[in-house]
Every structure is written in structure tokens, then in C-alpha cells.
Amino acid sequence: MRTAADTLESTRLRVRRFTLDDLDLIARLLADPVVTQHLGGVKDRAGAETTLRTRALDYYDQHPGLGMWATIERATGRAVGFHVLNHIHGESDIQVGYALFQDAWGQGYATEMSVRLMRYGFEDLGLPVICAITNLDNTASQRVLLKAGLTRHGERTFPHPALSGQGPMAWFEAHRATWHL
Ligand SMILES: CC(C)(COP(=O)(O)OP(=O)(O)OC[C@H]1O[C@@H](n2cnc3c(N)ncnc32)[C@H](O)[C@@H]1OP(=O)(O)O)[C@@H](O)C(=O)NCCC(=O)NCCS
């Protein structure tokens, strides 16, 4: 690993590491049945805290430079959701991903910070491949991935309990050697 970052900026957005003070934020996002429709369903506050600890706080120590970041609108300072550059549950592959509050949808935010994270992953971390997975009917997310320069490569299923219930998932990849935006 080369240069691990705790914060990154794009034109309109910034990501920063989560802290335990963000529990209200993540609990609010994961309590929305529309937002979580393709994320395994709503989580209660305890479930949100487990996600915050295992996918962010503890994960930062185990995998410096990777993880789950709060996505902030630079003009207002408000949190609009999260982005990830982290391991797919139970796998060695590194994925890009996102979930935004509904009032932040439709402005290109998911794509904008995904592109920034991928540039960071390829150029600063030296990752050879960045992947992504979506539910087969999550067309908005699939559109984001295509716009961010990933390519669809069929479907995969995953044994980890966080993913096994979703059945086959759309699999996307981008390679450092050929990715350009
Ligand atoms: C997926 C999500 C992050 C998209 O955020 P966003 O900031 O609105 O995305 P963008 O504006 O960058 O791009 C969305 C693209 O999908 C398209 N889109 C949106 N809804 C769509 C739908 N129902 N069907 C097809 N395309 C759709 C948009 O038109 C846009 O494409 P375009 O620029 O070519 O017009 C947001 O919908 C979300 O948080 N969903 C819930 C969480 C989730 O599913 N995360 C992904 C898990 S894999």
C-alpha cells in the first residue's frame, strides 16, 4: 500500500472517516426501507452500530486507507450518505460502493465520488482491480458503475451471510491498466 488517505475531495463532495459520533447518521440512513432495498433491508440502531464498528471503525485499523467514509456535500457541510472502498464481505476483492439519502439522489453524487475513490485506489493505493456488486434489479447503481468506468462481467453469488440472501449479483470490474475517465 502506498499513500493511505483519511479524507478525499472531489468537485462538490468530500469523504471523511466515520467516528462513533456518526451513529445517528448511519442509523438514519440504514432505517430507510427505500435506501436499503438493495442493501439487505433496514437495520435497527444496534445493527447500524455493528455496521459502523465492523465496516468502519475496526476496519480502518485492520486495513489502513480503505473502508467506509461519510460523504459530505462541500457547499453545505451536510452528510449525504456514505461511499466505500473496501473488501466485499468474506472476499479478498476490493469494491467501490455507496448509499445516499434520498434527497441527495439524482445529482451525480454517487458517480462523482466513486470516480474519485477509484482514482485514489488505483493511483495512491496501487490496487490492480476494483470491483463492484449490485442486485440484479438495481439499475440505478449499475448505471453509476458504468458511468464510473467499470464493466459488467456477468453474475456471482457470495457465501457470506451479509450477501448470500441476495442470490446472484451483477459483477463489475475496472482494471488499473485500462481504467480512464
Ligand atoms: C444508487 C444511488 C447511490 C445513486 O445515487 P445518485 O447520486 O442518484 O447517482 P448518480 O446521479 O450518480 O447516477 C444515477 C444514474 O442512474 C440513473 N437512474 C436513477 N434511477 C434509475 C432507475 N430507477 N432506473 C434506471 N436508471 C436510473 C440516473 O438517471 C443516472 O444515470 P444518468 O446520469 O445516465 O442519467 C442511490 O440511488 C442510492 O443511494 N440508492 C440506495 C442504495 C444503493 O442501492 N446503493 C448501491 C448498492 S449496490
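Which element supplies the largest share of the shell around the ligand? In this predicted model, the answer is α4, with 5 residues. The model is a prediction, in which local features need pLDDT of at least 70, side-chain atom pairs count only at pLDDT 80 or more, and totals for chains, interfaces and linings use all residues. Residues are numbered from 1 along each chain as its sequence is written.

The chain contains 5 helices and 8 strands, where helices (H or I, at least four residues) and strands (E, at least two) are DSSP runs numbered from the N terminus. Their order from the N terminus is β-β-α-α-β-β-β-α-β-α-β-α-β. The radius of gyration is 15 Å, close to the 16 Å that the globule rule gives for 181 residues, so the chain is as compact as a globular protein of that length. This radius is taken over C-alpha atoms, and the rule is 2.2 Å times the number of residues to the power 0.38. Along its principal axes, the C-alpha trace spans about 40 × 35 × 35 Å.

Of the 181 residues, 31% are buried. A residue is classed as buried if 20 or more other C-beta atoms lie within 10 Å of its own, as exposed if 12 or fewer do, and as partly exposed in between, with C-beta atoms placed from the backbone. In helix α1 (residues 23-30), the buried residues are I26, L29 and L30. Seen down the axis of α1, these residues fall within an arc of 90 degrees, so they line one face of the helix; the arc is that of the directions from the helix axis to the C-beta atoms. They pack against α2 (45-62), β4 (79-87) and β5, a contact being a pair of residues whose C-beta atoms, placed from the backbone, lie within 7 Å.

The ligand is surrounded by 21 residues, of which the closest are W105, A110, T111, A140 and R143. A residue is near a molecule or strand if its C-beta atom, placed from the backbone, lies within 6 Å of it. At least two residues of the shell come from each of β5 (94-100), α3 (109-124) and α4 (139-147).

A110 is located in helix α3 and counts as buried, with 28 C-beta neighbours inside 10 Å. Residues up to four places away in sequence being left out, A110 touches Y98, L100 and V144. A110 and I94 are 16 residues apart in sequence and 17 Å apart in space, C-alpha to C-alpha.

Key
Contact = placed C-beta atoms within 7 Å.
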